Amino acid sequence: MTHVLHRQIRHAYPAATLGRGMTIRDAAGKEYIDASGGAAVSCLGHSDPDVLAALHAQIDRLDYAHTGFFTTAAAEELADEMIRHAPAGIGHVYFTSGGSEGVEAALKLARQYFVERGEPQRRHFVARLQSYHGNTLGALSVGGNLWRRRPFEPILLGNVHHVSPCYEYRGRRSDETPETYGERLAQELADKIDALGGDKVIAFIAETVVGATLGAVLPVPGYFRRVREICDRHGILLILDEVMCGIGRTGTLHACEQEGVAPDLMVVAKGLGGGYAPIGAVMVNERIVQALADGSGAFQHGHTYMGHPLACAAALAVQRVIRRDDLLANVRRQGDHLARRLNERFGNHPFVGDVRGRGLFQAIELVADRGTKEPFDPALKLHARVKQAAMERGLMVYPMGGTVDGARGDHVLLAPPFIVDPAAIDTIVERLSEAVDAAIAAAGK
Ligand code: PLP
């Protein structure tokens with residue numbers, strides 16, 4: 001009998017007891033290859049010696065100091081490191097304890113910026129369907145996944161408006177190029193903003209590469225540049241949620257680098273601390289900080305554990321290892337290998353409609369019919385079957401349902417640690433292939 005309210009109340013979870021490199025071991029001694037880094041978290045794998053040493057050193061010096069009283073070397077050095085490699089215009093970092101908290105802070109900071117500038121009439125957020133921005137109420141409000149929103153709909157923010165995701169596999173018409181498809185979506189955003197009033201909108205928020213809810217869906221070329229132009233035309237802030245796709249996951253430190261845009265606010269989290277400690281951050285454009293500095297002098301927000309010295313020390317060590325070992329080069333190299341292997345194995349699979357992603361952030365979308373792209377019956381819960389079949393084979397992947405519209409569709413997301421090598425990738429794809437086939441067979445297909 002457990003007293004933990006687990007995610008699935010009726011499911012018996014194995015107990016994780018040991019993490020080493022690419023693997024987690026459970027209490028029964030079974031080993032699992034962590035091919036999803038949990039939920040795209042463990043970018044260095046488990047038990048990295050330099051991160052452990054940094055954590056030990058920090059706890060021996062200082063456990064905790066409230067940010068209302070003190071700053072710490074750990075927070076200052078981490079912020080310095082992040083700003084050294086930040087997108088253009090970003091000059092400050094606001095620490096949180098995770099992604100949802102980061103999104104909440106970004107939404108509030110965006111609103112307060114306009115209040116301080118004398119534009120209090122700005123009250124709307126525009127976001128995209130099929131996005132995930134976290135589970136706290138503000139983050140869930142801007143999120144566009146219908147299944148996650150549904151039970152809470154009456155208590156979500158009423159000032160959030162959704163436009164279509166940039167989801168080429170299902171959204172692009174046969175008479176469109178990727179570029180004209182992106183143009184159509186940008187026009188939809190422009191029309192939505194015009195309908196609300198350009199001077200009434202605070203921000204547009206989007207995941208640069210969509211993670212959990214769509215499965216490693218890339219923007220089409222030029223899409224974010226058009227989005228940036230539209231936001232700038234109206235003085236609307238662009239908030240990029242790189243909680244999952246950022247901090248090296250797609251082969252550059254920030255995913256937006258590959259889209260040629262710099263956001264006004266960017267939220268990062270998972271790969272920042274790599275799972276060694278709970279931490280997230282909002283990276284903030286200087287003109288936002290300046291507006292507050294010239295006005296009230298404070299961001300009207302805060303949490304007890306923000307900038308926790310242990311979390312900052314862990315994240316600083318993670319970022320230093322990534323840089324010292326040039327792990328982003330390995331992300332790009334192994335990402336190419338992973339894409340090759342996935343395409344070899346699933347490119348002609350009768351029940352795989354799409355293989356997609358970038359760097360070590362890749363996914364397959366499962367379909368009942370490749371020709372029509374018809375998804376499987378959601379009642380089959382194919383994604384849950386794949387997860388279970390993979391776990392039985394000692395493999396952690398991150399499958400999710402509701403890919404198409406929040407109810408129908410299944411995909412499997414892969415996000416292995418940046419230390420992965422070709423042999424491990426071959427094993428991952430092999431086991432995933434077996435798990436997918438076993439799950440489909442068990443679903444009676
Ligand atoms: N934003 C994105 C894009 C995410 O993928 C997630 C988590 O999966 C979040 C926000 C929420 O982060 P957290 O679970 O740390 O609150």
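The largest cavity holds about 90 Å³ of space, where a cavity is a set of points, on a 1 Å grid over the protein atoms alone, at which a 1.4 Å probe fits but cannot get out; a volume is the space filled by probe spheres set on the points, which are joined across faces, edges and corners. This is a predicted model, in which local features need pLDDT of at least 70 and side-chain atom pairs count only at pLDDT 80 or more, while totals for chains, interfaces and linings use all residues. Residues are numbered from 1 along each chain as its sequence is written, and side-chain values use heavy atoms, with hydrogens and water left out.

The structure holds one cavity of 30 Å³ or more. Lining residues have an atom within 4 Å of a point, and those of the largest cavity are Glu81, Met82, His85, Ile247, Leu253, His254, Met283, Gln319, Ile322 and Arg323. Helix α12 (309–324) gives the most to this lining, with three residues, and α3 also supplies at least two. By class, the lining has five nonpolar, three polar and two charged residues; Ala, Val, Leu, Ile, Met, Phe, Trp, Tyr, Cys and Pro count as nonpolar, Asp, Glu, Lys and Arg as charged, and the others, Gly among them, as polar.

Helix α3 (73–84) also supplies at least two residues to the lining of the second largest pocket, as do β4 (90–96) and α11 (286–294); helices (H or I, at least four residues) and strands (E, at least two) are DSSP runs numbered from the N terminus. Of its 28 lining residues, His92, Val93, Tyr94, Phe95 and Met306 are the closest to its centre. The lining comprises 18 nonpolar, eight polar and two charged residues.

Polar contacts are pairs of N or O atoms within 3.5 Å. A ligand nitrogen atom is 2.7 Å from an N or O atom in the side chain of Asp241, and a ligand oxygen atom is 2.8 Å from one in the side chain of Lys270.

Strands β1 (residues 16–20) and β2 (residues 23–26) run antiparallel, joined by four bridges; two strands pair if DSSP finds at least two bridges between them. Leu18 stands opposite Arg25 in β2. The two strands form a hairpin with two residues between them, and Gly21 in the turn has a positive phi of about 55 degrees.

How values were computed: A polar contact is a pair of N or O atoms within 3.5 Å; within protein, one must be able to donate a hydrogen and the other to accept it, and residues adjacent in sequence count only if both atoms are side-chain atoms. On a 1 Å grid over the protein atoms alone, a cavity is a set of points where a 1.4 Å probe fits but cannot get out, and a pocket is an open set with protein on both sides within 12 Å along at least five of seven lines; lining residues have an atom within 4 Å of a point.
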